[in-house]
Amino acid sequence: MEKRSVFNSWWLPILFALPQILLILLFFYWPAIAVMKWAFTLEPPFGGAAEFVGLTNFKEVFADPFYWKSVAVSLIFALCGTFFTILVGLVLAIAVDRQLPGSGLFRFLYILPYAIAGPAAGMAFRFILSPERGLMASVNAAFPDFWNPAKYGTHALVLVIVIFAWKWAGYTFIFLLAGLQSVPRSLAEAAAMDGAGPIRRAVDIQVPLLAPTLFFLLVIMMTEGFVGSDTFGIVHSTTGGGPNHGTEVMVFRIVDEAFKGLNYSGASAQSIVLIGLIMIFTFIQFRFIEKRVHYK
Amino acid sequence: MNKVSKMADIDIRAVRKSYGKTQTLHGVDLCFASGEFVVILGPSGCGKSTLLRMIAGLEEITAGEIAINRRVVNRLEPRERGCAMVFQNYALYPHMTVAQNIGYALKVASVPKVERERRIKETAKVVGLCEYLTRKPAALSGGQRQRVAMARAIIREPKVFLFDEPLSNLDAKLRVTMRAEIRKLHQRLSATSIFVTHDQVEAMTLADKLVVMNKGHVEQVGQPLDIYHRPASVFVASFIGSPAMNLFDTRVEVDTASVRIGAAQVPIDPALAARLRGRDLTIGIRPEQCVVLPDGGRVPAKIDFIEELGSGRVVHAEMGDQTFAAVIGEHVNVRAGDRIGLELPSSQLHFFDRDSGRRIDMEINSSVPQQVAGASTLAIAH
Ligand SMILES: Nc1ncnc2c1ncn2[C@@H]1O[C@H](COP(=O)(O)OP(=O)(O)O)[C@@H](O)[C@H]1O
Ligand SMILES: [Mg+2]
């Protein structure tokens with residue numbers, strides 16, 4: 001028979017859970033409620049109680065062309081970032097899964113970037129890919145302005161996406177490697193007997209069987225790309241949202257508005273739109289993509 | 001199908017396999033004729049799968065050579081060797097339908113869709129899977145999965161079929177059916193087949209040529225009946241036949257021309273006794289060859305317990321400090337605890353050298369006349 005330990009009093013279990021409950025209340029529910037409140041009110045400039053203004057804040061946000069630009073930048077950032085993190089992670093995982101000599105070392109090396117904080121990676125890449133002194137400097141010497149993220153918004157956006165992918169590929173790599181190793185080796189062997197080479201085996205057998213993992217990573221990475229702390233950190237430390245709002249992702253714009261512009265109401269309204277967007281994305285993913293996933 | 005081009009002979013020369021420092025195959029030499037049905041039999045862990053996988057190209061060959069149709073294949077990829085393999089767990093692609101599973105090899109080979117579908121139907125008919133072509137493997141029974149695995153192998157019309165314990169996941173009845181079907185299929189396709197198993201009944205019933213392996217060595221190669229009647233070593237003697245052969249460690253007593261088994265003396269040919277003087281021997285006799293006499297006989301024994309087989313019974317008896325099994329008919333009336341006598345016909349005794357475990361071949365115990373050595377010759381069978 002199964003033995004269960006049972007608390008005799010009601011307050012003891014609550015006491016054990018209290019630290020966690022406090023943390024959640026303090027850092028999740030309270031800010032969330034504050035954001036809801038700010039989004040629909042306006043602080044009078046010279047003090048006094050906040051005024052309820054209905055949807056005015058939202059109307060203002062939607063009327064701002066830079067806001068729509070940040071939505072577009074965020075979309076591109078999240079979609080490309082997700083695509084490349086998963087692609088790079090998958091290629092690395094398939095390579096390591098072949099267990100050629102030295103794969104243990106590479107497994108370690110590929111996971112490593114994930115342990116580095118986004119802003120730090122951003123700083124490093126600012127130098128590595130600096131147009132005057134970095135890896136691209138010699139190309140720039142031959143073709144001036146071939147690579148200049150300080151001048152061109154698209155270059156800057158490519159730069160932050162590269163940093164994001166560099167860091168998060170380590171994360172997708174772990175999951176995909178674990179997924180690959182749970183695919184029975186005899187399946188790949190059977191495919192080899194059927195005449196398929198390594199790439200064909202990866203495409204026909206291994207990747208389809210990774211579908212659940214890929215779907216999971218799709219949801220996680222899209223969310224991370226939209227609201228992850230790294231998204232803000234990388235943009236903040238690398239381009240500061242520029243040049244000309246070219247890398248101003250939604251989270252960056254929200255923080256900028258709130259703490260530089262001190263426009264809490266506008267920032268809160270944007271946060272709520274962002275949350276709504278993420279919910280829609282996650283819904284679409286579950287509704288339309290999950291159906292194609294084989295869970296065996 | 002064009003049979004001639006589909007056949008291949010296989011030469012395995014001094015093949016070794018090591019994983020790191022541990023060696024699992026210690027020099028295997030085998031030669032299979034084309035169209036032969038070879039069964040590799042041995043206990044679990046003896047290296048059967050390893051050998052099969054080396055032929056398939058799934059495992060690196062540490063030393064030695066494997067040639068298929070006189071072409072050394074050591075460095076060839078699996079797809080270049082022309083072998084098809086049926087895996088023990090079937091290894092069906094779970095995300096593909098039965099038809100896609102069967103046709104995958106053709107798809108990889110870029111066979112046009114129309115022809116591919118025709119051949120999938122044809123093959124499905126051979127193994128009786130026509131109604132299941134659109135199902136996924138998860139929706140099939142064990143026997144049906146087994147058939148898909150077979151179909152996937154035959155559709156390629158391979159020169160060599162490799163089977164790695166393909167029946168061990170099936171229930172007993174299905175195993176018998178599939179065994180017969182595999183044999184029929186072989187007669188039809190007549191590709192060289194290598195079938196790995198640890199089940200001696202499968203091995204005896206299927207094999208043209210039987211290879212018995214133990215601990216990474218080949219113990220004996222031959223026709224199943226030859227191996228049954230003339231096991232080349234103590235290992236083969238104990239591994240083949242059910243119930244297992246009775247084995248006793250003993251010596252020859254020259255002055256009485258007999259061997260001591262338990263408390264009893266079994267007389268043997270005096271010339272033989274003279275030859276075996278002073279040697280440590282292991283003597284074997286099959287339970288089917290022992291005669292049980294309810295009212296006492298040459299060797300007194302006491303029945304421990306009796307196993308019913310339906311067609312007969314196995315008597316487990318004790319004589320002195322030795323235990324002993326004998327097969328009796330159902331009409332013999334004995335019970336556990338009874339005192340009985342045993343007849344051990346000396347013509348049915350198998351003699352083995354105790355140190356090497358190898359057979360000592362003598363006329364006296366050989367029932368296969370054409371391989372009899374001269375009466376006075378003493379040979380250790382290879
Ligand atoms: N990849 C491997 N690494 C190390 N040892 C292995 C490996 N594969 C098999 N072996 C060892 O080789 C021996 C033979 O294995 P195998 O050929 O699978 O035996 P079986 O006769 O049961 O098919 C076993 O002792 C097993 O432990
Ligand atoms: Mg095996």
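**Two chains and a ligand**

Start with the surface of chain B. Its accessible area is about 17,200 Å², and carbon and sulfur atoms hold 49% of that. Keep in mind that this is a predicted model. Chain A exposes about 16,800 Å², with carbon and sulfur atoms supplying 72%.

Now the secondary structure. Chain A has 13 helices and two strands. Chain B has 10 helices and 23 strands.

On to dimensions, along the principal axes. The C-alpha atoms of chain A fill a box of roughly 80 × 75 × 35 Å. For chain B, the C-alpha trace spans about 80 × 45 × 40 Å.

Burial next. Chain A has 296 residues, and 43% of them count as buried. Chain B has 382 residues, with 52% counted as buried.

What about contacts along the sequence? In chain A, take the contacts between residues at least 6 apart: 69% of them join residues at least 24 apart. In chain B, contacts with a separation of 6 or more include 66% between residues 24 or more positions apart.

Charges, briefly. Chain A carries 20 positive and 17 negative charges, and their mean positions lie 7 Å apart. Chain B carries 50 positive and 42 negative charges, with mean positions 9 Å apart.

**The ligand site**

Let's move to ligand 1. Which residues surround ligand 1? They are Tyr19(B), Thr24(B), and then the run Pro43(B), Ser44(B), Gly45(B), Cys46(B), Gly47(B), Lys48(B), Ser49(B) and Thr50(B). Helix H2 of chain B, residues 48-56, gives the largest share of that shell, with three residues.

A nitrogen atom of the ligand sits 3.2 Å from a side-chain N or O atom of Tyr19(B). One of the ligand's oxygen atoms is 3.0 Å from a polar backbone atom of Gly47(B). And an oxygen atom of the ligand is 2.5 Å from a side-chain N or O atom of Thr50(B). Taken alone, ligand 1 exposes 560 Å², and the protein buries 56% of that.

**A helix of chain A against chain B**

Back to chain A, and helix H8, residues 185-193. Why call this helix largely enclosed by the rest of the structure? Because seven of its nine residues are buried. In H8(A), those are Ser186(A), Leu187(A), Glu189(A), Ala190(A), Ala191(A), Ala192(A) and Met193(A).

What do they pack against? Within chain A, the partner is helix H9, residues 198-209. From chain B, there are H2, strand E6 (83-86), helix H3 (98-108) and helix H5 (142-154).

Just after H8(A), Gly195(A) takes a positive phi of about 100°.

I'll finish with single residues. First up, Leu177(A). This leucine sits in helix H7 of chain A, residues 153-181. Is Leu177(A) buried or exposed? Buried, because its relative accessible area is 5%, and the cut-off for buried is under 20%. Leaving out residues up to four places away in sequence, Leu177(A) touches Ala93(A), Val96(A), Asp97(A) and Arg107(A). Look at Ala93(A) in particular. It is 84 residues from Leu177(A) in sequence, yet the C-alpha atoms are 4.8 Å apart.

Next, Lys209(B), in strand E9 of chain B, residues 209-214. This lysine counts as buried, at 18% relative accessibility. Where does its side chain go? The side chain of Lys209(B) reaches the backbone oxygen of Cys31(B) at 2.8 Å. Beyond four places in sequence, Lys209(B) also touches Phe32(B), Glu36(B), Phe37(B), Val38(B), Val39(B), Val221(B) and Gly222(B).

Last one: Gln220(B). Its place is strand E10 of chain B, residues 217-222. Gln220(B) is buried too, with a relative accessible area of 11%. Its side chain reaches the backbone nitrogen of Ala232(B) at 2.8 Å. Setting aside neighbours within four places in sequence, the contacts of Gln220(B) include Leu210(B), Val211(B) and Val212(B). Ile227(B), Arg230(B), Pro231(B) and Val236(B) are in contact with Gln220(B) as well.

That's the tour. Over to you.

Methods
Residues numbered from 1 in each chain as written. Chains lettered and ligands numbered in written order. Predicted model: local features only at pLDDT ≥ 70, side-chain atom pairs only at ≥ 80, totals over all residues. Heavy atoms only, no water. Helix = DSSP H or I, 4+ residues; strand = E, 2+ residues; numbered from the N terminus. Buried < 20%, exposed > 50% of the residue type's maximum accessible area, 1.4 Å probe, protein only. Contact = heavy atoms within 4.5 Å. Areas by Shrake-Rupley, 256 points an atom, 1.4 Å probe, with all protein chains shown as cover. Lys, Arg positive; Asp, Glu negative; His and termini not counted. Charge placed at Lys NZ, Arg CZ, Asp CG, Glu CD. Near = heavy atom within 4 Å. Polar contact = N/O pair within 3.5 Å; in protein donor to acceptor, adjacent residues only side chain to side chain.
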